[in-house]
Amino acid sequence: MADIIDLISSRRSVRRFTDDPVSDEVIDKLIEAARWAPSGENEQPWRLIVVRDPDTKAKIAEIAKLGTGGRVTAEYSLSDYWQRKFAGVKNPETRARLFKTMYTGQASEFAGNAPVVIVVIGELYDMFDTPYDLSCAIMSILLEAHSLGLGACWVHGPSVYPSIVKKMKELLKIPTGMGQYKLIATVSLGWPAESPKAREKKEFEDIVFWEEFGRKERP
Amino acid sequence: MDEKIAYFNDLLVRLEEIFYHELSGMTHPKVEYVGIDFLRSKNIEGTTVEEILDNCIKEITAGGLAEEVTYSRAGEGILLILKIKNCIHIPMEAKLQYGLKNEGGVAPYMCPIANMILDRILEVLKFQMVYNASIENIDTETGECSLKCVIYESVEKIGQVGDWRDL
């Protein structure tokens, strides 16, 4: 077995892609990676809708923009959350650009420019852990994509509103009953046109306790 | 009757707690459908936001869900401020506030009254997006709540930010 910590730690969320097509062979590998993800009771609730049609991707992008932009416009105008979030960005122009990317919804709109969008949904009926199973499947896709040299980014934010999920389901002809399928996220991917720097990560000792909550020293 | 209302509010408290525990900070958008059925059954009509609001408020007060609902608009028509007095759900808010203060509980994030009003704006006026952004204040002593919601008539309205904190 190979240690994959380098693969895991070098993965980035990539939102800009070249126009180069992603072959069926590559897409099949991504689906295969999802297929092998763990799931509660091995129920494998995941269903993946691979979207390459430009019109459909554009509509997905518009729906995602509504969700993210609608929320962040309000958050930006009503609180200092985004000011705090980007407090570490010292350059005012860069900060302003980042703010705008968020409150206009552009941050979630990149699906429209990705060669492939995988919409991750899961069965609900007779399942046990659908949201968590789907998250595992997404992680498998992201790691496989990275290992193949692809860039990818998953977007969950717009999927938090039932009204926006309904738009997505209607667009993709997914049954809309609340007990039928959960749409958890989209994964946009393609050959990367950017190399994002690593995001700041919490320190090892800040996230681990030993034997019980709050115990910082390793026994 | 009061005991029945208390019972149903207690159910909502438990559901709010469970939802938050399960979903963390993005819980409040997930519950946007809670409460919408009351006004969906009332044939609310109107061609402007104000007409919809007035007709919603008539039904809400006539149905005894709240004693008074007033509103104002700001932020280029995006921001909708609702003030709700003596709402049937005040006991739920009070219980959540107590739990937050004393038991590491959950801050109130769900307002069925705002949800039902926003749903009518979305569906009847065909707005692009509505969102209960902030429950600003819950005064369980006076029975008054104030909320800040956003309503986007078109995609172009997304991103029209301002400083709405003191409005």
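# Chain B and its sheet

Visitor: What does the sheet in chain B look like, in terms of strand order?
Guide: This is a predicted model. In chain B, four strands make an open sheet ordered β1-β2-β4-β3, with antiparallel pairing.

Visitor: Which strands stand at the edges?
Guide: β1 (68–74) and β3 (129–139) of chain B do. Each has a single partner strand, so one side of each is left without a neighbour in the sheet.

Visitor: What about the twist?
Guide: From one strand to the next, the twist averages 20°.

Visitor: How do strands pair in general?
Guide: Strands of a sheet pair through backbone hydrogen bonds, and the pairing is either parallel or antiparallel.

Visitor: Back to this one. How many bridges join β2 to β4 in chain B?
Guide: Seven bridges join strand β2 (residues 79–85) of chain B to strand β4 (residues 144–152) of chain B, and the two run antiparallel.

Visitor: Which residue of β4(B) is opposite B:K83?
Guide: B:S146 is the residue that B:K83 stands opposite.

Visitor: OK, helices. What does α4 of chain B lie across?
Guide: Helix α4 (residues 49–62) of chain B lies across β1 and β4 of chain B. Its direction is at about 165° to β1(B).

Visitor: And α6 of chain B?
Guide: Helix α6 (residues 112–124) of chain B lies across β1, β2, β3 and β4 of chain B, and runs at about 155° to β3(B).

Visitor: How many helices and strands does chain B have?
Guide: Chain B has six helices and four strands. Starting at the N terminus, the elements run α-α-α-α-β-β-α-α-β-β.

Visitor: Why call chain B as compact as a globular protein of that length?
Guide: Its radius of gyration is 16 Å, close to the 15 Å that the globule rule gives for 167 residues, so chain B is as compact as a globular protein of that length. The C-alpha trace of chain B spans about 45 × 35 × 30 Å along its principal axes.

Visitor: How much of chain B is buried?
Guide: 40% of the 167 residues of chain B count as buried.

Visitor: And what about its contacts?
Guide: Take the contacts in chain B between residues at least 6 apart in sequence: 59% of them join residues at least 24 apart.

Visitor: Switching to chain A. Which residues are buried in α7?
Guide: In helix α7 (residues 162–172) of chain A, the buried residues include A:S163, A:I164, A:V165, A:K167 and A:M168.

Visitor: What covers them?
Guide: The cover for the buried residues of α7(A) includes α3 (54–78) and β4 (181–190) of chain A, together with α6 of chain B.

Visitor: What follows α7(A)?
Guide: A:K173 follows α7(A), and the phi of A:K173 is positive, near 60°.

Key. Residues are numbered from 1 along each chain as its sequence is written. Chains are lettered from A and ligands numbered from 1 in the order in which they are written. This is a predicted model: local features need pLDDT of at least 70, side-chain atom pairs count only at pLDDT 80 or more; totals for chains, interfaces and linings use all residues. The radius of gyration is taken over C-alpha atoms; the globule rule is 2.2 Å times the number of residues to the power 0.38. A residue is buried if 20 or more other C-beta atoms lie within 10 Å of its own, exposed if 12 or fewer, and partly exposed in between; C-beta atoms are placed from the backbone. Two residues are in contact if their C-beta atoms, placed from the backbone, lie within 7 Å. Two strands pair if DSSP finds at least two bridges between them. Axes are lines fitted to C-alpha atoms, for helices over the stretch in contact, and angles run from 0 to 180 degrees between N-to-C directions.
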